[in-house]
Amino acid sequence: MHDLTRCVQHPEVSQEGFRSLAVPTYRASTIIYQDGESFAARSQRGFDGYTYGLHGTPTTRTLEAQLTALHNGVRTVLVPSGQMAVALVFLTFLLPGDHVLVPDSAYGPVRNVCRDYLAPRGIDYTLYDPLIGAGIAGLIQDRTRLVWVESPGSGTMEVQDIPAIVGAAKARGVLVGCDNTWCTPLLFKPLDHGCDFAAEALTKYVGGHSDLLLGSITVKDMDLRQRMKEVLRSLGIGVSPDEVALALRGIETMGLRLAHVGRVSESFARRLQQHPLVDRVLHPCLPSCPGHAFWARDIKGSGGVFSIVLKPGAETGLNPALTAMQVFAIGASWGGTRSLIAPMLVKGERTVNPWTHAGTVLRISIGLEQEDDLWADLEGLLAALVPLGAEIPA
């Protein structure tokens with residue numbers, strides 16, 4: 001055999017006696033077949049078989065199976081981001097003339113896809129009060145095909161009465177999808193509560209280290225999975241095995257990380273309620289948080305993300321105060337090892353129930369730093385908001 005051929009064709013090596021705890025990272029575009037007959041019959045392998053790297057490798061199948069087991073589902077579909085997880089459900093199950101219900105508290109880009117993509121293509125949407133519960137029955141039309149929930153709500157943390165919403169939707173034969181990123185399947189399993197889709201941004205707690213972008217949708221109905229896979233195949237959308245490998249590594253410590261950040265976030269939420277510059281703390285563990293009773297009933301704990309509403313006028317000097325923080329970083333996303341803080345624009349974004357709080361909203365994501373260091377950094381931020389000698393807002 002010529003040296004140039006040897007450069008291209010890898011030698012077979014024995015794997016006898018080798019067994020690693022790490023999942024191998026299988027990268028592939030082309031998948032080869034042992035003979036002409038198997039290549040000709042490749043379409044018969046279905047979505048659980050291997051036909052082309054875009055549609056999955058053993059690496060992606062491993063993460064899919066792990067998430068499916070955690071959610072008590074039958075299959076999981078992986079996509080390039082959490083936003084794509086939501087968008088894929090919309091693109092697959094909504095056609096021109098159909099109607100979808102989306103909570104007013106949903107992640108901003110979800111509203112954008114409704115306004116900028118669905119509506120121009122003849123798919124109507126209605127934003128609803130996230131606390132509507134069984135009252136959503138009054139918003140379901142004959143054209144409604146999907147009810148979307150996000151619980152807790154993005155930034156403002158409203159917890160939805162998912163069993164009541166599911167009951168109303170199922171009475172009309174309507175699908176229900178849930179963005180479950182804050183909870184992960186460790187705290188809440190949407191499929192066990194009647195939802196058809198459990199969508200998550202694996203970028204957050206599954207990845208856990210702010211170094212990957214990935215999303216997932218888990219279902220209990222194989223037909224739903226098949227339809228989504230057909231759309232992904234038609235659009236040429238797949239995920240990188242390298243991203244998946246990072247998620248497989250991150251998911252191993254997700255339970256420990258989530259328990260830690262949940263405990264610290266609850267502690268900080270209760271302490272911040274007493275601060276004279278804080279008008280309101282939005283954390284599901286607090287009785288004052290909208291939907292707290294549903295959190296206590298349905299959810300097994302807390303994530304690390306919550307928000308505070310500053311008293312009007314307390315944000316004086318906010319930008320330099322944020323810049324001066326030593327432990328928290330300023331940034332979007334969350335769920336990694338580093339604690340994050342960022343102002344949120346809420347006023348003017350809500351269309352169902354106007355946002356009446358005049359103060360600035362700060363979203364806080366707890367990471368894995370020493371708790372005392374984090375608290376000192378938050379105290380320093382709040383102390384810097386009002387100029388020296390100024391009166392603290394009542």
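## The largest cavity

The largest cavity is lined by 15 residues, and those nearest its centre are Leu54, His55, Leu78, Lys229 and Gly238. This comes from a predicted model. About 130 Å³ of space lies in the largest cavity.

Which elements each supply at least two residues of its lining? They are helix H3, strand S1 (75-79) and helix H8 (222-235). By class, the lining of the largest cavity has seven nonpolar residues, four polar ones and four charged ones.

## The second largest cavity

A search of the whole structure turns up three cavities of 30 Å³ or more.

Six of the lining residues are nonpolar, two are polar and one is charged.

## The largest pocket

Now to the largest pocket. Its volume is about 930 Å³. The pocket is lined by 47 residues. Nearest its centre lie Ala106, Tyr107, Gly108, Pro109 and Ser154.

Two or more residues come from each of helix H4 (82-93), helix H5 (108-118), strand S3 (124-128), strand S6 (197-201) and strand S11 (340-344). Which element gives the largest share? That is H5, with five residues. By class, the lining of the largest pocket divides into 21 nonpolar, 16 polar and ten charged residues.

## Where H3 meets H9

Helix H3 also packs against another helix. H3 spans residues 58-71, and helix H9 spans residues 241-251. Their axes come within 9 Å and cross at roughly 40 degrees. H3 and H9 are therefore oblique to each other. The crossing of H3 past H9 is left-handed.

Which residues make the contact? From H3 come Thr59, Thr60, Thr62, Leu63, Gln66, Leu67 and Leu70. From H9 come Pro241, Val244, Ala245, Ala247, Leu248 and Ile251. By class, the contact has nine nonpolar residues, four polar residues and no charged residues.

## Recap

Methods
Residues are numbered from 1 along each chain as its sequence is written. This is a predicted model: local features need pLDDT of at least 70, side-chain atom pairs count only at pLDDT 80 or more; totals for chains, interfaces and linings use all residues. Side-chain values use heavy atoms; hydrogens and water are left out. Axes are lines fitted to C-alpha atoms, for helices over the stretch in contact, and angles run from 0 to 180 degrees between N-to-C directions. Helices (H or I, at least four residues) and strands (E, at least two) are DSSP runs, numbered from the N terminus. Angles under 35 degrees count as roughly parallel, over 145 as roughly antiparallel, 65 to 115 as roughly perpendicular and the rest as oblique. A crossing is left-handed if the near helix is turned anticlockwise from the far one by less than a right angle, and right-handed if clockwise. Contact means heavy atoms within 4.5 Å. Ala, Val, Leu, Ile, Met, Phe, Trp, Tyr, Cys and Pro count as nonpolar, Asp, Glu, Lys and Arg as charged, and the others, Gly among them, as polar. On a 1 Å grid over the protein atoms alone, a cavity is a set of points where a 1.4 Å probe fits but cannot get out, and a pocket is an open set with protein on both sides within 12 Å along at least five of seven lines; lining residues have an atom within 4 Å of a point. Grid points are joined across faces, edges and corners, and a volume is the space filled by probe spheres set on the points.
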